[in-house]
Amino acid sequence: MSAPDRRSRFPASQPRQGGRSGDAPLTIVERPATLVQVNARKGRQAELVAAIAKTLALALPDAGRTATAADMAALWLQPGSWLIEAPAGRRGELPGTLAQTLNGIAAVVDQSHGRCVIEISGAEARAVLARLCRLDLHERAFAAGDSAATLVGHVSCLIHRTGGEAPCFRLVVGSTFAEWLLHELTAAAASYGWRFTPAGEAAA
Amino acid sequence: MTSRRLPSGGLIDRSKTIRFSFDGRELSGHPGDTLASALLANGVRLVGRSFKYHRPRGIMTAGPDEPNALVELREGARREPNSKATEIELHDGLVSRSQNRWPSLAFDVLALNALAGKALSAGFYYKTFMWPKRFWEKLYEPLIRRAAGLGRAATEADPDHYEAMHAHCDVLVVGSGPAGLAAARAAGEAGARVILCERDVLIGGGLLLCPDHQAWHADMLAALRALPNVEILPRTNVFGYYDHNLLGALEQVADHRREPGEHEVRQRYRTFRARQVVLATGASERLIALPGNDRPGVMMAGAVLAYLRRFGVAPGENAVVFTNNDSAYDTALALAEAGLGRVTLADARPQSELAGVVAARGVEVRLGTEVAGFDGKSVMLRQRGSSIGEPIVADLLCLSGGWNPNVQLASQSGAKTQWNAELASHVPGEPVQAERSAGAARGIFGIGAAAHDGARAGEAAASASGFEGKPGFALPHIGRSEQPLVPFWEVKADGKSFVDLQHDVTTEDIRLAHREGYAHIEHAKRYTTHAMATDQGKLGSLVGAAILAEARGEPVEAVGVPTHRPYTMPVAVGALAGHASGAHFQPIRRTALHDWHLRNGAAMQPTGAWLRPFFYPKPGETGWEPIFREARAVRSAVGICDVSTLGKIDVQGPDAATFLDRLYINNFSTLAVGKCRYGVMLREDGIVFDDGTTSRLGEDHFVVTTTTGNAAPVLEHMEFHAQTVWPELDVQFCSISDQWAQMAVAGPKSRETLAAAVEGLELANEAFPFMAVGEGRIAGVPVRLFRISFSGELAYEVAVPSSQAETVWEAILAAGKPFGIVPYGLEAMSLMRVEKGHAAGPELNGQTTAADLGMGRMMKKAGDVIGRVLAGRPGLADPGRPRLVGIRPVDAAQRLRGGAHIVGEPGSGTSLGWISSVTQSIEHKCWIGLALVENGESLKGQRLFAVSPLHEESVAVTITSPHHVDPENARVRA
Amino acid sequence: MHLIPCPYCGERPQDEFHYRGDATVTRPAPDAGEQAFYDYVYTRANPRGWHDEWWHHYAGCRQWLKVRRNTLTHAVAASVGPADALPEATP
C-alpha cells in the first residue's frame, strides 16, 4: 500500500476567497503535477531531444518557449535543461522511467514535490502580475506558449502563458515559497477580488 | 471675510457643496476645487509662516511649484505634513491646518526672527551657533527644532496600503497639455502602446485655461479614450527618469478621499519601462525678486489665471500685474473681465503692441515700469531707472518673470540643458536616452504651436519604436508669435527680496554667499539652502542663479543650474516601499512540516528567510525549560527535528566526483557508493565558505548538503566554476532543496525508533554504520536515510519527498512513542551542537580558515582545490591566529556571553579572542561556549577571563577542547 | 533598475542578476603560485568606461553571463554565455 500523497502545498486545503467582490476576480488554482527536470550530459543534447521526442512525443522547446503534447508539457529552464510536466498521477513512475530511458544522456531529477504549480486567470490577471513582476506580459510581448524564468513577488518563478484568449498564466515556484507567493497574489488582487482552490487530497 | 467666488465660470460643480476645515474653521467649497482655491474663495489670505523669519505667507501658485501653502492634512494616524494646498483635491470632511506657526497663525511669537534678520542670514547656523558650546544643548537646539518644524508627522502606524505596479509601453507621454495630447494621439493612432501620465486630476494642462480650444480638447480626449492601446493615467506624477528608459511615478489613487475605500490602496508607486518617451511637461513661471515679493497677495500671474478660469475665484479686489513678457496680458484681461476694481499692468519692456488691446478692455497699462515694493495693501510702481515711486492701492500683485521649460526629467535622463537667450532660460539639449521633449517643455509656447510640436514628437516616437503613421487629426492653428521678453530678475530697492520663499533665501543671501567665497552654483545653493526645499525652488532657482551671475560679473548661462535629480516632488517613503512592509517585507519560506509545527504549538521564529520552530513549549514551561526538556530527551532517548532548511544539491555526471574534489578541501572521489562524508569548502581567498555532508548515491550521482544560509550562494559558486572555470567537466547539478523534506532522528533510541518505522533497510550497526546512506520506506513512502549526527548522539537523517513529509514525520513519532520521542526545535539543536563542539554560523563567519576551526588536516595532499593556494598565505597559516576552543566558567554559577572578549588578566586591554557561541549545558550543568582564541590550542586548561564591558562583567574561564561532550565520538558510532 | 541583456532570456531587469565583477581575470593553473592567485582574487583595473563583467542570471536561466558594460554611462554593448567570448573591442 502506498502512502497518501498530500499534494497541496497549502495548510488549510480548503477553497478560499477574499478582496473586493467585483465582476472579475482573480482565479487562483493549485495544479499538482509530475515535474521532472532533465539536464543533458555534456555534448548529448541532440540525443536528449531525440529521446524525449520519441518517448514522450514532446519537442523540447527553445529558450523562452513551452511545448505541449496531449497531457504533457516541456518548459525550457536553461541551456541543456528542461522541465517535463505531466499529470500528477505519474509521480510514482515517470521519474524512474525517464532515468532509465535517458541513462547516459541526461541527469534526471524528480522535482514533483520541489515545485508547486499555481494557475492564475481572470480578466485582470495581467494587472495583478504587473504588481509582482517586472516583465512585460502584454499579449504583444508574451504570447501563448511563451515562458520566462523571472521574479514574481520577489521569488524565482517560471511563468508561462497557456493557450486561449482569456489571460491565463501558470507559475512554477519552489514549494517552500508557495504560500508566500499565494499571499502576494491575493494581496495584489485585493482590489479585484480573488478565489483560491488548492489541490485536493490525492487518492491512496 | 468675504467670498471671492465669481458668480459663474470655472470647472467646478457649483451644484454641490463640500465642507472642510482649516485651522479649526469650518469652510465650504465645491467639487473641482483644490484646498487652495477653496481657501481663496473663502477669502483666506494667510496660510502659513515662513521657515526662518516666520513671515506671513499666502497662496502663490496653483500647482506643484507652491512654496508657501504647506498644510497638515487629516488627523491621527493619517496626519500628513507638508502637503501643498494647491495640489489637494478638496473633499468632504477634509481637515487641514497651517504649519510652522506657534502659538497661532495670526500671532506668531517667532516672527521676532524677522526683526533679528541680520543674525539669520545665509550660513547663520554655521556661524552663530558655534559658541558658547554649552548653549547648544540647552538653548539653540530646542529653539531651532521648534522653529524649523515643517509640520508634524503622524506618530502612529500608517493604516493605509500602498503598492507598486510595473508597466511597459512603446511611448510614454508625460504631461497632457496640448503637446502631450497630440503626442499621445499621434503615437496611439500609429499603433504604439501608449501611456499618458498627468499629475492633475483633469487631463488638458494649459488647455484647461483656454476657453477658445474647448472643442479640440474634448475631441482629443474622446479620440484617446477610444484607442484601446492608449492608457490615460490622471493623478500620476512622474518624479524620476532613470537608466535604460525607466521612469518612476506616484499615482494618488485615493488621496482625494477622506480615506481609501475597502481594498483600495492610497497611493501607487508606478514604474514605466518605455521604448520612447515624450516629455510634455510644460513650463513653470518664474518669480521676480523685489521687496515684499513674499507678502500674502503676491501670486504668479499664471496661477491667478488658473484661479479665475478653472476655479471661478478672484484672489483680490485691486490688482497689479507685473511682467516682462506677453503671457501675463491674459491674466490682466481675465482680471478685468472678472470685474475687479482696478487692474494695472506694469510691463518692464518699454513698448508692447498688446498695450492697446488690453487698455481697450479696461486695463491700465504702464510700460517701462517696475514694481519697487509691496506691503500687502499697495504696490509701489516706478519708471525703470527712476527712484521716484508711485503707490497704487492693490491687494493682489501678479508676477511673471518669464517661463522656464520644465527640463527636470530630460535633465535626469542625462541630457545636458542648453541656454536659450530668447526665453532667458534652459531648454533640453541633445537626448542621451530614447526621449524627446515637446511643447512648452522645450520652449515652444502657445496652444497651437505646442500641439503641432507634440504631434511631431508623438509620430517620431512611434516611428522609433516601430510604428509608422502620419497624424490624421486636426490641430489648432498656430497663433501670433509673442513679442520678445526682456530678461528681468530683480528690482533693487530697500527691503527683503526673496528668491526662495520656502527657505527664506533673499537676494542679499546670494550675494553674501558670493562674498564669502561660495561662488559656484552648487556651493551657493548649499550655503544658502536656496532651492533645497519641498518645492525644489522652482519659482526662484534661476533668479538666484542670475543674481549670483551678476555678483560674479558673468552672464547667467555661465553660472549654470544645480544638477537635477529625482525626485521632482516629495514622495512618501511608504509609497515607495509599496506593499513590501511588515509581513510582506521579504519572502518567507515554510518547510513542508510548517503546518504540523503550528498545530503542535511550536514557537516559530524567523531565521533568515525561514520560519522555524525554536521549541515546542508545554503548558507551564518558561524560559529554558522546554529547551532543556527537548535536549534531555535526545541525549537520553530520542527526538525528531525538522532540518528541511538545509540546502540540497543533486550532482550527477561522469565528472561529478572530480568536480566535488575541487570544490571541497577533502576528497569525494574516494567515497564509496552508499556512504556520506563531511566536507569543508573554501572561498578562493582561503577562508571557509561552507560545510556539510555529501552522499554518494551512485558512481556518478551525489547529493550535497549545504548550510541553510548558504544554500543559494553555494549553488551559484558551483555554477560559476562549472560554467566558466571548468566547462570541460561533464557534470550536471540542480537544487533539490524543496523536493526533499529532511528530519533528524537523534538519540540513543533512534535506531530502535527507526527500525520500527522503516521497511526495506537493515539498520543494525554493522549493516548500516556511522556515515552510511540507504533507501527504504516509511509508511509506504520512499525515503533516503543518512546515518549522520549534529547532536553528537546516535542519529539519522531521513529525507522524504516533501509532499509526504507529514506522513513520515507522524509515522516516526508513532514508532518512537514507546521511547518517549519528542520533537525538538532549533534551540535544543543549538544547545547540543555547542556541547558537541560543531562549528556553525558564528564560527563560519567569513574570517576563519579550516585550520582556525581545527580542520586544517582535512586538506588533501594534492590536487586542485578552490582556496588551497591562498589559504597557504603566511597570514592565514599563522599558528597564532584565533583557534576554535571550548570555554567554561571557573565558577559554574557564572554565565557566559556571546561576544565577550577573552583577556589574560582582568582589566587587560589586549583581547586574545572572543566567545562565538554559548549555551547552558545539560551535561555540565553550567554555561559553556565556543570561542576563537589566539594560540588557543596551547592555552587549553589555562585560566583566562571573559569580559563584557557592556554588562560590566568579568568572568574567570577555563579553556577546553571544543568537544564538551563525547570527545572520542563514541556515541555516534554506537 | 538597469536592463541586462541575457543571450538566452532577452533583456531583463537587473534584480534578476547577481553581480560578480571583473570577467577579464581567469583562474590560474593550480601550480601558478601565490602571486597569480592573489592577482586573480584581488587585483582589479577598475576601469572608467567599458568593462567586461560577470553577471549571474540567478532568477532566470542561471547562467554566468559575460556582459560588456560602460561603468560611466551604464550602457551595455554586448553579452554572451559563460563559455563564449565577447567581441574584440567596443568603440
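In what order do the five strands of the open sheet in chain B run? The order is β15-β22-β16-β17-β18, and the pairing is parallel. Everything here comes from a predicted model, in which local features need pLDDT of at least 70, side-chain atom pairs count only at pLDDT 80 or more, and totals for chains, interfaces and linings use all residues. Residues are numbered from 1 along each chain as its sequence is written, with chains lettered from A and ligands numbered from 1 in the order in which they are written.

A few words on the sheet itself. Helices (H or I, at least four residues) and strands (E, at least two) are DSSP runs, numbered from the N terminus, and two strands pair if DSSP finds at least two bridges between them. In general, strands of a sheet pair through backbone hydrogen bonds, either parallel or antiparallel. At the edges of the chain B sheet sit β15 (298-300) and β18 (364-367), each pairing on one side only. Neighbouring strands are turned by 20 degrees against each other on average, direction ignored; axes here are lines fitted to C-alpha atoms, for helices over the stretch in contact, and angles run from 0 to 180 degrees between N-to-C directions.

Next come the helix pairs. Two packed helices are described by the angle between their axes and the distance between the axes. For α6 (residues 301-309) and α7 (residues 328-337) of chain B, the angle is about 40 degrees and the axes are 9 Å apart. The crossing of α6(B) and α7(B) is left-handed, meaning that the near helix is turned anticlockwise from the far one by less than a right angle (right-handed if clockwise). On the α6(B) side the contact is made by Ala301(B), Val304(B), Leu305(B), Leu308(B) and Arg309(B), and on the α7(B) side by Ala328(B), Asp330(B), Thr331(B), Ala334(B) and Leu335(B); two residues are in contact if their C-beta atoms, placed from the backbone, lie within 7 Å. These residues divide into seven nonpolar, one polar and two charged, where Ala, Val, Leu, Ile, Met, Phe, Trp, Tyr, Cys and Pro count as nonpolar, Asp, Glu, Lys and Arg as charged, and the others, Gly among them, as polar.

The other pair, α4 (residues 178-189) and α10 (residues 447-464) of chain B, has axes that come within 7 Å and cross at roughly 35 degrees. This crossing is right-handed. Residues of α4(B) in the contact include Gly180(B), Leu181(B) and Arg185(B), while those of α10(B) include Ile447(B), Gly454(B) and Glu459(B). By class, the contact has 15 nonpolar, three polar and three charged residues.

As for the interior, a residue is buried if 20 or more other C-beta atoms lie within 10 Å of its own, exposed if 12 or fewer, and partly exposed in between, with C-beta atoms placed from the backbone. A nonpolar core is a set of buried Ala, Val, Leu, Ile, Met, Phe, Trp, Tyr and Cys residues joined through C-beta atoms within 7 Å. The largest such core has 270 residues, and those with the most contacts inside it are Leu181(A), Val171(B), Ala183(B), Val745(B) and Val808(B). Strand β8 (residues 162-174) of chain B gives the most to this core, with nine residues. Leaving out residues up to four places away in sequence, Val808(B) touches Ile778(B), Ala779(B), Val781(B), Val783(B), Val798(B) and Val800(B).

Between chains, 38 residues of chain B are in contact with 37 of chain A. Strand β8(B) gives the most to the chain B side, with six residues. That side divides into 10 nonpolar, 17 polar and 11 charged residues. Chain A also meets chain C, through 10 residues of chain A and 11 of chain C. On the chain A side, the largest share, four residues, comes from strand β9 (residues 147-152).

Chain C itself has one helix and six strands, running β-β-β-α-β-β-β from the N terminus on. Of its 91 residues, 32% count as buried.
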